[in-house]
Amino acid sequence: MKRRYGRAAAALALVALTGAACGGGEDDAGAAGGGSSATLTASEFKWDPTSLSVAAGGTIEVTNEDDAKHNVTVEEAGIDEDVDPNGSVSVDVGDAEPGSYDFVCEYHPDTMKGTLEVTE
């Protein structure tokens with residue numbers, strides 16, 4: 001019986017190590033962000049997600065899945081980028097100071113707005 005628990009413990013350790021090895025690094029931020037890049041998608045005249053986090057100097061990869069032009073504006077950070085229908089752009093966060101900023105599509109401000117957190 002001890003041998004079975006030993007094997008089970010070894011298997012669990014292997015699973016834990018494999019999961020840690022497959023985990024993303026600091027730059028692999030995913031949609032919510034926090035690393036050097038984040039992803040933002042326009043679909044059905046809504047942003048997904050509505051809350052982003054990206055490091056200062058990072059980028060936001062914006063995809064427009066709609067048949068209408070959209071725009072990403074973060075006024076306080078000097079960001080103003082159009083995104084063509086069914087297109088994509090890479091938006092440079094640039095020298096934005098760490099902090100919380102509102103973002104909006106200037107063409108559809110009632111349904112397309114969110115918050116960008118710029119981290120150090």
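Author: Start with pairing: two strands pair if DSSP finds at least two bridges between them. Helices (H or I, at least four residues) and strands (E, at least two) are DSSP runs, numbered from the N terminus. Here six bridges join strand 1 to strand 4 (residues 59–64), and these two run parallel.

Reader: What should I know about the numbering and the model?

Author: Residues are numbered from 1 along each chain as its sequence is written, and side-chain values use heavy atoms, with hydrogens and water left out. This is a predicted model: local features need pLDDT of at least 70, side-chain atom pairs count only at pLDDT 80 or more, and totals for chains, interfaces and linings use all residues.

Reader: Which order do the strands take in the open sheet?

Author: The order is 2-1-4-7, four strands with mixed pairing. Strand 2 (46–48) and strand 7 (88–92) stand at the edges; each has a single partner strand, so one side of each lacks a neighbour in the sheet. From one strand to the next, the twist averages 25 degrees. Such angles run from 0 to 180 degrees between N-to-C directions, on axes fitted as lines to C-alpha atoms (for helices, over the stretch in contact).

Reader: In which sense do strand 1 and strand 2 pair?

Author: Antiparallel: strand 1 (residues 37–43) and strand 2 share three bridges. Thr 41 has Asp 48 as its bridge partner in strand 2. This hairpin has two residues between the strands, and Glu 44 takes a positive phi near 55 degrees there. On the strand 4 side, Thr 39 is bridged to Glu 61.

Reader: How do I read an aromatic pair?

Author: Rings of Phe, Tyr and Trp (its six-membered ring) pair if their centres lie within 6.5 Å; planes under 30 degrees apart count as stacked, over 60 as edge-to-face and the rest as tilted. This structure holds one such pair. Trp 47 and Phe 103 are edge-to-face, 6.2 Å centre to centre, with 70 degrees between the planes. The pair links distant parts of the chain: Trp 47 is in strand 2, Phe 103 in strand 8 (residues 99–104), 56 residues apart.

Reader: Are Trp 47 and Phe 103 buried or exposed?

Author: Buried means under 20% relative accessible area, exposed over 50%, partly exposed in between (1.4 Å probe, protein chains only). Both Trp 47 and Phe 103 are buried. Across the protein, buried residues make up 31% of the 120 residues.

Reader: What does the side chain of His 70 make a polar contact with?

Author: A polar contact is a pair of N or O atoms within 3.5 Å; within protein, one must be able to donate a hydrogen and the other to accept it, and residues adjacent in sequence count only if both atoms are side-chain atoms. The His 70 side chain makes one with the side chain of Asp 66 (2.8 Å). It makes another with the side chain of His 108 (3.1 Å). His 70 lies in strand 5 (residues 70–74) and is buried, at 0% relative accessible area.

Reader: Which residues is His 70 in contact with, leaving aside its neighbours within four places in sequence?

Author: Contact means heavy atoms within 4.5 Å. The list for His 70 includes Ala 42, Phe 45, Glu 81, Cys 105 and Met 112.
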